[in-house]
Amino acid sequence: MKVLLIAGGWSPEREISIKGAKGIESVLAERGHNVIFYDLSEGFDTLIELAKNVDVAFINLHGSPGEDGLVQAILERLNCPYQGSNASGSFLALHKYAAKTLFKAHGFNVAKGIFLPKMPDDITSIEKELSYPMFVKSNNGGSSIHLYRVTNRDELQNALETMFHVGLEIIIEELIAGLDVTCGVLGDEALAPILIESKGAFFDYENKYAADGAKETCPAPIGEEATKKVQEMALKAHHILGLADYSRSDFILTNDGTPYILEVNTLPGMTQTSLVPKEAKELGLSFGELIEKLLQLAMKKKK
């Protein structure tokens, strides 16, 4: 097939996107596909022209644009099939506060938190609602970029000023003590969860992508009951947001075995060592077979 591989763009996660796309390009070529690599930073005009003349697109963008549904919306207008979720599902998942509100309405456990679209006049209002330590994070970013753990008013003030300075919307959540667990969905099946043990204080951008930043164990040694709960929640979250083909949900599993959902990724990392490929390997799928399956799922949506 003639495949348009879309990566890069202009989000803070650009370099990770390109790195992953190079590996995807290699396995697609090995499997006999004609791959056109396109860096979205070159603009939409060329994207539209290329999309008109391929069989399928493979999106490997992270953050905005990409996970926000914009590229998906353009491809839909051109009747160019692509892997993953449609524009509306992508947008809902990337807007963490909106997704969290939906999850809470469906009975999921979520961290106590607040949404801040702008700098509050008095941060003591935050302290009245939430207790330290807190996590301050971007409402619509990924890869743990702009993620701060704060333990006092000065740290909170600095985190807010830094993030609002670059125009971000913010979510602040109380820390939930427990294990970092992630669980992918492929097709309509929940994959084996992974236990993430960060070498740092928490699983931030540096630890996520450093070679020795975290220990990742698949399947997660969390017991049969907790595994089932996490898998059921990952699959249900996938359906609640109206997602398709694949996704990855992140959780905190408390000491009593209760999973709290943090967020859902619609375009999860796609390198040989990324989380979803590790989980797919437990199903017996090689990296190349996983990419091929995602293309097949994309082609099923061709009108």
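Author: In this predicted model, the largest nonpolar core holds 39 residues, of which I6, L75 and M270 touch the most other members; such a core is a set of buried Ala, Val, Leu, Ile, Met, Phe, Trp, Tyr and Cys residues joined through side-chain atoms within 4.5 Å, where buried means under 20% relative accessible area with a 1.4 Å probe and protein chains only. Among the elements that give two or more residues to this core are strand 1 (2-7), helix 1, strand 2 (34-39), helix 3 (70-77) and helix 11, helices being DSSP runs of H or I with at least four residues and strands runs of E with at least two, numbered from the N terminus. Helix 11 provides the largest share of the core, seven residues. Leaving aside residues up to four places away in sequence, L75 touches I6, A51, A57, I59, C80 and Y82, contact meaning heavy atoms within 4.5 Å. Another core, of 24 residues, lies apart from it and includes F103, C183, I222 and F251.

The model is predicted, with local features needing pLDDT of at least 70 and side-chain atom pairs pLDDT 80 or more, whereas totals for chains, interfaces and linings use all residues. Residues are numbered from 1 along each chain as its sequence is written, and side-chain values use heavy atoms, with hydrogens and water left out.

Turning to the helix pairing, G23, I24, V27 and L28 in helix 1 meet F287, G288, I291 and L295 in helix 11.

Definitions and conventions:
Buried means under 20% relative accessible area, exposed over 50%, partly exposed in between (1.4 Å probe, protein chains only).
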